Structures are given as C-alpha cells and as structure tokens.
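Please keep the viewer open as you read, and visit each spot in turn.

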Amino acid sequence: MTEPVILTEQLGREFAGTWAVRDLDLAVQPGEIYGFLGQNGAGKTTTLRMLTGLLLPSAGRLRIAGLDHATSSRELKAQLGFVPDTPPLYDYLTGRQYVALVASLWHVPRAQRDERCERLLAMLGMDDHADELCKGYSHGTRKKIHLVAVLTTAPPVLLLDEPTSGLDPLSTRRLKELLLAEAARGTTILLSTHGLELAEQVCHRVGILARGRLRCEGTVADLRAAHGDKTLEDVFVAVTEAAT
Ligand SMILES: Nc1ncnc2c1ncn2[C@@H]1O[C@H](COP(=O)(O)OP(=O)(O)O)[C@@H](O)[C@H]1O
Ligand SMILES: [Mg+2]
C-alpha cells in the first residue's frame, strides 16, 4: 500500500504547558478531501500550521508526500499550498498582480500562469475584482484571491483554514466545485471548516477535533450511522459536549 500523502503520528503542540493538539494520528490519501470540524480553540489552525511548517511540533512526527518535516522541510514546503484564515496580501497590488507575484516566486511559466489564473478567476466569479487593489477587498475576496494565487502554483497538497468563512453562497458553491475538481485531478486536500454543509457535500472523510484531540473520524455517513442516524450537527454537538 502506498504511503498516505499526509501522515501524522502522535503529533502534538503545547503552548506554555497546555496542549493545543495532542496525540494526533492522521492519514490522508491521494486525491482525498479531509475536513477538520471542531469548535473554536479545538486545535484546527494549530494542526494546519504544523503541517505547513509555520509552527514546530512539540511531539510526534509528520510526513507529507513521503517527506519528513525534520529532515526535508524545504522539499516538503514545495509540495504545499496553504490558504490561511486571514491571508496576507499586498495592499497596493491588484489581485491579478498579486497572483502574478506568487506565481513568479514559484517559477511558474508565464503561459501556464495566465491560463490557470484566468480559469480560476472565472471559476470563482472574480473577473470583476481582479484589477482592483487588494486594499479594498472584503474578507471573502481576500481568501479567493489568495486561493487563486496558491492554485496557480499547482500544489500537490492543499491546506485550507476555513475556506468558506466570509464567502457568499454563490462563491461557496463555486469553491465546492473547485475543490472537487482539484481532488479529481489528484490534489490532496485538508481543510478546516465550521460549515457542516461543506463537510457533507465535499469531504470524503471528516474528523471531529475537541480540546486538541481527534475524537472520531470517518465518512459523514459512517459518523451519522454510528450515532443512531442523527444529523451531522447532532453528531458534532454530541462529540464536542462529551469532550468537555
Ligand atoms: N501562538 C499561540 N500561543 C498560545 N496559545 C495558542 C497559540 N496558538 C493557538 N493557541 C491555543 O491553542 C488552542 C487551539 O487553537 P487553534 O488551533 O487556533 O484552534 P481552532 O483553529 O480550532 O479554533 C487554543 O486554546 C489557543 O488559544
Ligand atoms: Mg482556527
């Protein structure tokens, strides 16, 4: 069996004696969309930041595409695209200029960059905003432009922190279609979300984090069946309350 694209073993991170994430074993397969659910402070962002290399783990191991963060962190980062919850953009660049800047840093050939950028802007319905300065962008528009920039580099692994926060329903729909299309092309996706609808419609598997630990994981159908066919919201509430 091939190694999962994202693999963590007993991964943990503590801040001043408190574990934000603890004993996390995760295995995400090629082309899979895996969604983290969990209330505020559950440890979702901390996990994503460890996977990106922005934050060092306090315990455990992680490997991405067979690369160990301890020995191959540079090669590992080259596999990743990360869209944080509040993406940093340059205020005085337009969206298109920002995408071009990111693509040039990643040495994406111009023709490929233009083709990908225009296709992604159109898919997310961003044509109208792409030539405005990032300074004036709403939270949702910032996230979409950052996502376009990241996807222009065609990363094999995509990490998204609350990708639908700040997005209107139409943009959310388009994002769902985009994520499914990316996964169908083989991109491995790990995201965090409060959107149970996103989890149900897009994620192949979900995991519920509470107080830094993964309390359960599986397909949405599996989780619902294991809880007497309750809704995903009921399962989320039950699992989260049981952990407090
Ligand atoms: N840089 C930090 N310093 C201290 N505590 C942190 C830091 N980052 C996160 N935490 C703590 O770790 C826990 C998990 O936070 P986080 O991963 O942001 O949760 P989530 O993304 O699920 O809302 C919280 O209790 C938070 O206060
Ligand atoms: Mg968070």
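1. Let us begin with His107. His107 counts as exposed because 8 other C-beta atoms lie within 10 Å of its own (a residue is exposed with 12 or fewer such atoms, buried with 20 or more, and partly exposed in between, with C-beta atoms placed from the backbone). You will find His107 in the loop between helix 3 (95-105) and helix 4; helices (H or I, at least four residues) and strands (E, at least two) are DSSP runs numbered from the N terminus. The phi of His107 is near 60 degrees, which is a positive value in a residue other than glycine.

2. A word on what you are viewing. This is a predicted model, in which local features need pLDDT of at least 70 and side-chain atom pairs count only at pLDDT 80 or more, while totals for chains, interfaces and linings use all residues. Residues are numbered from 1 along each chain as its sequence is written, and chains are lettered from A and ligands numbered from 1 in the order in which they are written.

3. Asp23 also deserves a look at its backbone. Its phi is near 50 degrees, again positive in a residue that is not glycine. Asp23 belongs to strand 2 (residues 18-28), and it counts as partly exposed because it has 15 C-beta neighbours inside 10 Å.

4. Which residues surround ligand 1? The shell consists of Phe15, Ala20, Gly38, Asn40, Gly41, Ala42, Gly43, Lys44, Thr45 and Thr46, where a residue is near a molecule if its C-beta atom, placed from the backbone, lies within 6 Å of it. Helix 1 (residues 44-52) gives the largest share of this shell, three residues. By type, the shell has three nonpolar residues, six polar and one charged. Here Ala, Val, Leu, Ile, Met, Phe, Trp, Tyr, Cys and Pro count as nonpolar, Asp, Glu, Lys and Arg as charged, and the others, Gly among them, as polar.

5. Next, Phe36 in strand 3 (residues 33-37). Is Phe36 buried or exposed? Phe36 is buried, because 25 other C-beta atoms lie within 10 Å. Beyond residues up to four places away in sequence, Phe36 touches Lys44, Thr47, Leu191, Ser192, Gly207 and Leu209; two residues are in contact if their C-beta atoms, placed from the backbone, lie within 7 Å.

6. Leu7 sits in strand 1 (residues 6-15). With 18 C-beta neighbours inside 10 Å, Leu7 is partly exposed. Setting aside residues up to four places away in sequence, Leu7 touches Ala27, Leu62 and Arg63. From Phe36 to Arg61 the C-alpha distance is 19 Å, at 25 residues apart in sequence.

7. Now turn to helix 4 (residues 110-123) and helix 5 (residues 139-152), whose axes come within 9 Å and cross at roughly 145 degrees. Axes are lines fitted to C-alpha atoms, for helices over the stretch in contact, and angles run from 0 to 180 degrees between N-to-C directions. From helix 4, Arg113, Arg116, Cys117, Leu120 and Leu121 meet Val148, Leu151 and Thr152 of helix 5. The residues of this contact divide into five nonpolar, one polar and two charged.

8. Helix 5 also holds Leu147, which is buried because 22 other C-beta atoms lie within 10 Å. The C-alpha atoms of Leu147 and Thr187 are 14 Å apart, and the two residues are 40 residues apart along the chain.

9. Helix 6 (residues 169-184) has 16 residues and reaches 23 Å from its first C-alpha to its last, close to the 22 Å expected at 1.5 Å a residue (the expected span is 1.5 Å times one less than the number of residues). Just after helix 6, Gly186 has a positive phi of about 110 degrees.

10. Finish at Ala199, in helix 7 (residues 196-202). Ala199 counts as buried because it has 23 C-beta neighbours inside 10 Å. Apart from neighbours within four places in sequence, Ala199 is in contact with Gly35, Leu37, Thr193, Val206, Val220 and Leu232. Ala199 and Leu232 are 33 residues apart in sequence, with their C-alpha atoms 9.1 Å apart in space.
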